[in-house]
Amino acid sequence: MPERNVVSWTVMVSGLAKLGELEEAKRVFESMPERSVVSWNAMLSGYVQNDLPEECLLLFNEMLNLGVRPNESTWVTVISACASKGDFQVARSLVHQLQKSRVNLNIYVKTALIDIEGDVQSANELFNRMQTKDVISWNTMISGYAQHGQWTQAIELFKEMSTLKDMKPDTVTMSSVIAACGHLGILEFGRWVVDYIAENQIGLNLSGYNSLIFMYSRCGSLEEAKRVFEEMPKRDVFSYNSLISGLAANGDGLEVLKLLMKMKNELIEPDAITFIGILTACSHSGLVDEGLTVFETIKCPTIDHCACIVDLLGRAGRIDDAKRMIDEMPMRPHSGVYGALLNASRIHKCVDLGEFAAQELFELEPENSGNYILLSNIYASDRRWEDVEKLRKMMRERGVLKMVGASWLEFHGKIHRFVAGDRSHCQLDEIYRVLEDVGNRMRAMGYIADRNCVLRDVEDEEKEEMLRAHSEKLAVGFALLVMEMGAVIRVVKNLRICEDCHLFIKMVSKLEGRVIMVRDNNRFHCFKDGKCSCNDYW
DNA sequence: TTAGGGTTAG
């Protein structure tokens, strides 16, 4: 060019960076005879676009040291560099500098700030103070809630957005909303959202389809998840992972292994999450050898994959192999590893290994009441009531004893509340008739009507405290399930699929010859023929 | 010539 000026130089920097030619961009940037703030911005954003946020921040420092005044675009770029790094400390110091610099906070800067702050409340305050908001500001706030697990708030904000005349939710909005529905397990609302998308002609892109697969999977609607998976024009690792995890939770190990093959045929590389899904599926379906074979193919197995193998071996009864796996693994085991061993010890009633795993867990996470309960259950299954009581005492002393007050179940759109010893439910007589019937039939089939039996008479006060809170209210709730067979029971609060109700539902599924779906902690468990998708062999 | 938003696991 006969006349090169700062603009043409900057175009070169920006264009090269966009092509991923970062070294070349840097070379041009460094040989510029003069630079404007825009040139600096082009180079800074080049680093962010090429996933080098640290380089961006270093260059930003250099820029300040040379006395170049950042403008709004500069701030947006460096803030987003912190966002991709997840570096809240640097973000805080940037916000501080930003306040000192008296730069005008336009919609871009504010939106970037909502995205970075790691502090949902401040982000929301800023969002509420914004005079003008566009679709990206709304999406940033919605996904901010979602990224912090505040899915209800994300959905509420979407509802508010959808009532505004001048605001049209787009495909990004809908991806977040659909995923939030999945996390909450609210399939009915999810279906409404799907209709909303169709009515408003919002085209879904790959992320949107992936969210849909995730939602259907998490809500236990595997047929719909598979349908979306088949229908979508292009799949990526997210699509596979969402479906694999859904099938894994449903105990469909064979289908998952087929998907792994299909994935390879489509030349999509499985990642760490894929393998967790596959190993979980094998574990839940008792496919021990297949799981071990897959484990061998993982290039860089993580500690989580090892935990899956401990679970796989332990559930299947190869508990000594599970312990050996822990002894031989190169990394330091974390709570997930010992948790898997403890669970396996409970399933197979191995007191020694259970004690070993629990001791490690009490060190690693002393506040987690679940570990104490599991060990207590192991002692109880061995009728070691003194040890049970010792553990209760330890829990009281450490303040981890958490008595569950009540549970809430939802079905047919109505919330039912159950409390230990509660006699106030409007279908009480019917419930107890069903309970008695199931208990009799269980005994007739040779099952020991001991502590696992929901009808068990409680002998003394201590065990009453321990057992009633768990068994009885669950029993009452699940008796309702028997009567309402076919309905999906949604556990609204406090109730977990613990040992007692687990056995109960399995028995019911066998006696009634029905498939029962129960949503527990937002995950679906599928019970059929006396087996549960999570493959616990009681 | 430069700048802000989305999806997955146990």
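How are helices α3 and α5 oriented relative to each other? In this predicted model, α3 and α5 are roughly parallel to each other.

**Figure 1. Packing of helix α3 against helix α5 in the predicted model.** Helix α3 spans residues 37–49 and helix α5 spans residues 72–85. Their axes come within 9 Å and cross at roughly 15 degrees. Because angles under 35 degrees count as roughly parallel, the pair α3 and α5 is placed in that class. The crossing of these two helices is left-handed. On the α3 side, the contact is made by Val37, Asn41, Leu44, Ser45 and Val48. The α5 side contributes Ser73, Thr74, Thr77, Ser80 and Ala81. Sorted by class, the contact of α3 with α5 comprises 4 nonpolar and 6 polar residues, with no charged residues.

**Figure 2. Packing of helix α15 against helix α17.** This view shows helix α15, residues 237–249, together with helix α17, residues 272–285. The two helices pack at an angle of about 20 degrees, and their axes are 8 Å apart. The helices α15 and α17 are therefore roughly parallel to each other. In passing α17, helix α15 makes a left-handed crossing. From α15, the residues in the contact are Val237, Asn241, Ile244 and Ala248. They meet Ile273, Thr274, Gly277, Ile278, Thr280, Ala281 and His284 of α17. By class, the contact of α15 with α17 holds 6 nonpolar residues, 5 polar residues and no charged ones.

Figure 3. The structure holds 0 disulfides. A disulfide is assigned to a pair of cysteine sulfur atoms within 2.5 Å. Cysteine 181 has a relative accessibility of 0% and therefore counts as buried.

**Figure 4. Asparagine 371 and its contacts.** Asparagine 371 lies in helix α23, which covers residues 369–381. With a relative accessible area of 6%, asparagine 371 is buried, since buried means under 20% relative accessible area. Leaving aside residues up to four places away in sequence, asparagine 371 touches Leu342, Leu361, Phe362 and Glu365.

Notes: Residues are numbered from 1 along each chain as its sequence is written. Chains are lettered from A and ligands numbered from 1 in the order in which they are written. This is a predicted model: local features need pLDDT of at least 70, side-chain atom pairs count only at pLDDT 80 or more; totals for chains, interfaces and linings use all residues. Side-chain values use heavy atoms; hydrogens and water are left out. Buried means under 20% relative accessible area, exposed over 50%, partly exposed in between (1.4 Å probe, protein chains only). Axes are lines fitted to C-alpha atoms, for helices over the stretch in contact, and angles run from 0 to 180 degrees between N-to-C directions. Helices (H or I, at least four residues) and strands (E, at least two) are DSSP runs, numbered from the N terminus. Angles under 35 degrees count as roughly parallel, over 145 as roughly antiparallel, 65 to 115 as roughly perpendicular and the rest as oblique. A crossing is left-handed if the near helix is turned anticlockwise from the far one by less than a right angle, and right-handed if clockwise. Contact means heavy atoms within 4.5 Å. Ala, Val, Leu, Ile, Met, Phe, Trp, Tyr, Cys and Pro count as nonpolar, Asp, Glu, Lys and Arg as charged, and the others, Gly among them, as polar.
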